[in-house]
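Me: I would like a close look at a single part of this model, with the cut-offs behind each term spelled out as you go.

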Amino acid sequence: MGQKGREIVKMNVDELINNLNKALADEWLAYYQYWIGAKIIKGPMKDAVIAELTLHATEELTHAEQLSTRIIQLNGVPVLSPEDWFKLSNCGYEKPIDPYVEEILNQNIKAEQCAIRTYSEMLDITKEGDPVTYNMVLQILSQEVEHEEDLSALKEDIELMLARGR
Ligand SMILES: [Fe+2]
Ligand SMILES: [Fe+2]
């Protein structure tokens, strides 16, 4: 990392890199959870939900990209093996055993809520010490908030449709 770029980081860099790697592990698991969900999902309004899940998957991948870029800027090493994703992850992974659309949505809503919690904690940690990471985390957090909102809106639509159909 450039000298000036390093000078403006006024916090424990190892701890920061560790937090970024934990978030990176979360993003890969979130990516796969969306990706596989979009493949196996069944039930009402499936096509609309698949479109949203697929879009979210690509956005989680972009977050992974941003996090790994920042880790490298800080002279860290992005998590090298998928084996470590589970060890590092804050939010874990929920196997979509039940492919029904509402179950898939519930699992992903839960994951987004965890992501929102995790990134808001990272904002608190970086606010004083690292403006560059803070700015990146703020961008990611805004997108996770959108994700939760999108999924909740779909869930509400499905519930309304099913209630009317009765
Ligand atoms: Fe994400
Ligand atoms: Fe997300």
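How far apart are the iron ion (ligand 2) and the iron ion (ligand 1), and which residue coordinates both?

Reply: This is a predicted model, in which local features need pLDDT of at least 70 and side-chain atom pairs count only at pLDDT 80 or more, while totals for chains, interfaces and linings use all residues. Residues are numbered from 1 along each chain as its sequence is written, chains are lettered from A and ligands numbered from 1 in the order in which they are written, and side-chain values use heavy atoms, with hydrogens and water left out.

The iron ion (ligand 2) and the iron ion (ligand 1) are 4.0 Å apart, and the residue that coordinates both is glutamate 60. Glutamate 112 belongs to helix H5 (residues 101-126) and histidine 147 to helix H6 (residues 131-165), so the pair ties together parts that are 35 residues apart in sequence; helices here are DSSP runs (H or I, at least four residues), numbered from the N terminus. Glutamate 112 and histidine 147 are both buried, a term that stands for under 20% relative accessible area with a 1.4 Å probe and protein chains only.

The loop between H5 and H6 holds aspartate 130, which is buried, with a relative accessible area of 0%. Its side chain makes a polar contact of 3.1 Å with that of arginine 70 and another of 2.5 Å with that of threonine 133, where a polar contact is a pair of N or O atoms within 3.5 Å; within protein, one must be able to donate a hydrogen and the other to accept it, and residues adjacent in sequence count only if both atoms are side-chain atoms. Leaving aside residues up to four places away in sequence, aspartate 130 touches Val9, Met11, Leu16, Arg70 and Leu74, with contact meaning heavy atoms within 4.5 Å.

Definitions and conventions: Donors = N, O, S within 2.8 Å, 3.2 Å for Na, K, Ca; no water. Helix = DSSP H or I, 4+ residues; strand = E, 2+ residues; numbered from the N terminus. Buried < 20%, exposed > 50% of the residue type's maximum accessible area, 1.4 Å probe, protein only.
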